[in-house]
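Here are a few friendly notes on the aromatic rings, written to be read beside the model. Please keep the viewer open as you go through the points.

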Amino acid sequence: CSLCTALAMGSEQSKPSMSDHPSGATMKAVCFSAYGEPGEVLEVKTIPKPTIDQPGEILIQVCACALNPIDKIRLSGGLAMTFPEAYDTSVLGYDVSGIVEEVGSDVTDFSKGDEVFVRLKGMKYGALAEYVVCETPEVARKPKSMSFAEAASIPLVGLTALQALRSGDVKEGAKVFIPGGGGGVGSIAIQIAKKMLKASHVCTTAGPGKGTEICIAAGADQVVNYQEANFAEVLAGEEFDMIFDTMNQSPEMGKLLKKGGKIVSISGNPTIEAITKMIGAEPSLMIRMFMYVSRNRAAEKAAFSAGGSWEFIFMHPSGSDLAEIAAAIDKKDGIRAFIDTEASSLDDFQTATDKLWSGRAKGKCVIKVRN
């Protein structure tokens, strides 16, 4: 809304600039200093190379990075009220794979030269850059069987899927519905449900062609063609143990839920409880008022009417969860990456942003940073 946009822009005033590197070292990064469309506000700039400020941090030379729908929300100003930018110039992106270049004095679990991947936490450093700094609890060793580009496509979607499915108490033998199986989150959620959590039946939705091909390759047992049929009608009476709402469709899902089952959503308006858990504190009065008014009561009612429950969750960065996913990737017939678009360099970032912003990506949009 226009009010939210105005408040977001107002919250971004008078930000400090990034501190210069002690030796004057710089790096290339994809930056923005205002909110808007990528073609209007994103540009490759030379900015100070980040430094390790805390003993538990590591410096990573980025080999590849990836985009996610949250980057669209961030660039539009949609996160500014809750997560304001740290500097007057910000670097886009959260997903990184690369090589450890330097470690803080307290770091014992990583060494220079380690190949790692990470979903960056906070707004201080962005992924679309030649270097990033992060804390070690967020980091895991890169899967040996994946390229850097493939590994960069995994962190945010993998963590989101694993944490949502676990929040939904998916166990061996469970029957799960994961709509949007051709997307970044959906395609890895199908694989995690089947290969890590041992669900017996996973159903999804997709359009014909590439989307359906990805779902089948990911291991879906049933794919509903959303262009020809309404999933709520096709799946009526199926009684799923867990439904993972990736597309803000929870109000339509109650009749598909088994008594005692759970719908877990990552789409639409979050709850006050989810925001409080994510930021570790009670949000401001303004945010609480907005969340109360916009609460998804239809979703809660739909699940409650079926004798189940509904919850909104935010993904939280976790190196230990990433390590579990990496182990599942490196197994025989393990989890695989689905990449739609691969930009050749940071200078070529628009190849990736154009595809993500188009809404037509099937799989992930990644950017190579270092060959």
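1. A word on burial to begin with: buried means under 20% relative accessible area, exposed means over 50%, and partly exposed lies in between (1.4 Å probe, protein chains only). This is a predicted model, where local features need pLDDT of at least 70, side-chain atom pairs count only at pLDDT 80 or more, and totals for chains, interfaces and linings use all residues. Residues are numbered from 1 along each chain as its sequence is written, and side-chain values use heavy atoms, with hydrogens and water left out.

2. Rings of Phe, Tyr and Trp (its six-membered ring) pair if their centres lie within 6.5 Å; planes under 30 degrees apart count as stacked, over 60 as edge-to-face and the rest as tilted. By this rule there are four aromatic pairs. One of them joins Phe-177 and Phe-231, a tilted pair at 5.3 Å centre to centre with 50° between the planes.

3. Why is the pair of Phe-312 and Phe-314 called edge-to-face? Because the ring planes stand at 70°, with the centres 5.2 Å apart. Phe-312 counts as buried at 6% relative accessibility, whereas Phe-314 is partly exposed, with a relative accessible area of 29%.
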